[in-house]
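My entries are kept in the order of looking.

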Amino acid sequence: MANSSLVLLSLLLLLLPLSLLLFLYLIVRPRPVKVSISNRHVFITGGSSGIGLALALQAAAEGAKVSILARNAGKLEDAKHAILRATGCGVAAFSADVRDYNAVKMAVEEAGPIDVLVCNPGVYASKELENQEVEEVKMMIDVNLTGTFHLIKAALPGMISRLANRGPGSIAIISSQAGQVYFRSSLFLMGDRKKLYSLTITKGCT
């Protein structure tokens, strides 16, 4: 009997702190907050096709003011018409190469203050590193890494200045599946993109 009582007491002593920890977790855990993008300016790069175009369609359908940026002016016009037909909303389109900081800065300034920046430039050579040409690697770094930096550098000051009046700003960096797993050719890009994301958080954006 004494042994049974000791076991029961030990279980109670163990369960008490566990129950307290569970209670604290439930009341203090961070909860996701959805900020409506209606009437907010969403600027999407790579917006003429693929993921970028799909995001632009969704944002326009939810009432956002949408701007899209890509290199190919013809594809941008096609994307504008596709979004207008699908949602009834017009979007602004800017033709620029993300590798050219001055062109990116000019497009961002012309587009006007941004609430949500979606960095979606992306090129990828589907080869192992030893089979890639040096110029292919340089292009991937220039577009995926430097291009993303150019976009954030151009947009971030204006986004920070709007925090008091417009609420939180958001910067999203889109990565391919290759950026989520170990590839010798993409590990460097994956690591540096995470650093860029952390930098935006410290500046008051999410």
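The entries below go from the whole chain to spaces and then to residues.

**Ground rules.** I am working on a predicted model, in which local features need pLDDT of at least 70, side-chain atom pairs count only at pLDDT 80 or more, and totals for chains, interfaces and linings use all residues. Residues are numbered from 1 along each chain as its sequence is written, and side-chain values use heavy atoms, with hydrogens and water left out.

**Elements.** I listed the secondary structure and found seven helices and five strands. Helices here are DSSP runs of H or I with at least four residues, strands are runs of E with at least two, and both are numbered from the N terminus. Read from the N terminus, the order is α-β-α-β-α-β-α-β-α-α-β-α.

I looked up burial next: 33% of the 206 residues count as buried. Buried means under 20% relative accessible area, exposed means over 50%, and partly exposed lies in between (1.4 Å probe, protein chains only). The protein exposes about 12500 Å², and carbon and sulfur atoms supply 63% of that area. The areas come from the Shrake-Rupley method with a 1.4 Å probe, and for residues only the protein chains shown count as cover. Of the contacts with a separation of 6 or more, 70% join residues 24 or more positions apart; contact means heavy atoms within 4.5 Å.

**Second largest pocket.** On a 1 Å grid over the protein atoms alone, a pocket is an open set of points with protein on both sides within 12 Å along at least five of seven lines, whereas a cavity is a set where a 1.4 Å probe fits but cannot get out; lining residues have an atom within 4 Å of a point. Points are joined across faces, edges and corners, and a volume is the space filled by probe spheres set on them. This pocket has 16 lining residues, with Val 35, Ile 37, Val 42, Glu 62 and Val 116 nearest its centre. The elements that give two or more residues to the lining are β1 (41-45), α2 (50-61) and β4 (116-119). The most come from α2, with three residues. By class I noted nine nonpolar, four polar and three charged residues. Ala, Val, Leu, Ile, Met, Phe, Trp, Tyr, Cys and Pro count as nonpolar, Asp, Glu, Lys and Arg as charged, and the others, Gly among them, as polar.

**Cavity.** I searched the whole structure and found one cavity of 30 Å³ or more. The largest cavity holds about 30 Å³. Its lining includes Ile 114, Asp 115, Met 159 and Arg 162, and it divides into four nonpolar, two polar and three charged residues.

Which residues does Tyr 101 contact, leaving aside its neighbours within four places in sequence? I found His 150, Lys 153 and Ala 154. Tyr 101 sits in helix α4 (residues 101-111) and counts as partly exposed because its relative accessibility is 22%. Tyr 101 and His 150 are 49 residues apart in sequence, but their C-alpha atoms are 5.4 Å apart. Asp 100 lies in the loop between β3 (92-95) and α4 and is partly exposed at 37%. For Asp 100 and Leu 151, 51 residues apart in sequence, I noted 9.9 Å from C-alpha to C-alpha.

**Asn 39.** I checked the backbone of Asn 39, whose phi is positive, near 65 degrees, in a residue other than glycine. Asn 39 is in the loop between α1 (2-28) and β1, and is exposed at 62%.

**Cysteines.** I found zero disulfides, taking one as a pair of cysteine sulfur atoms within 2.5 Å. Cys 89 is partly exposed at 27%, whereas Cys 119 is buried at 0%.
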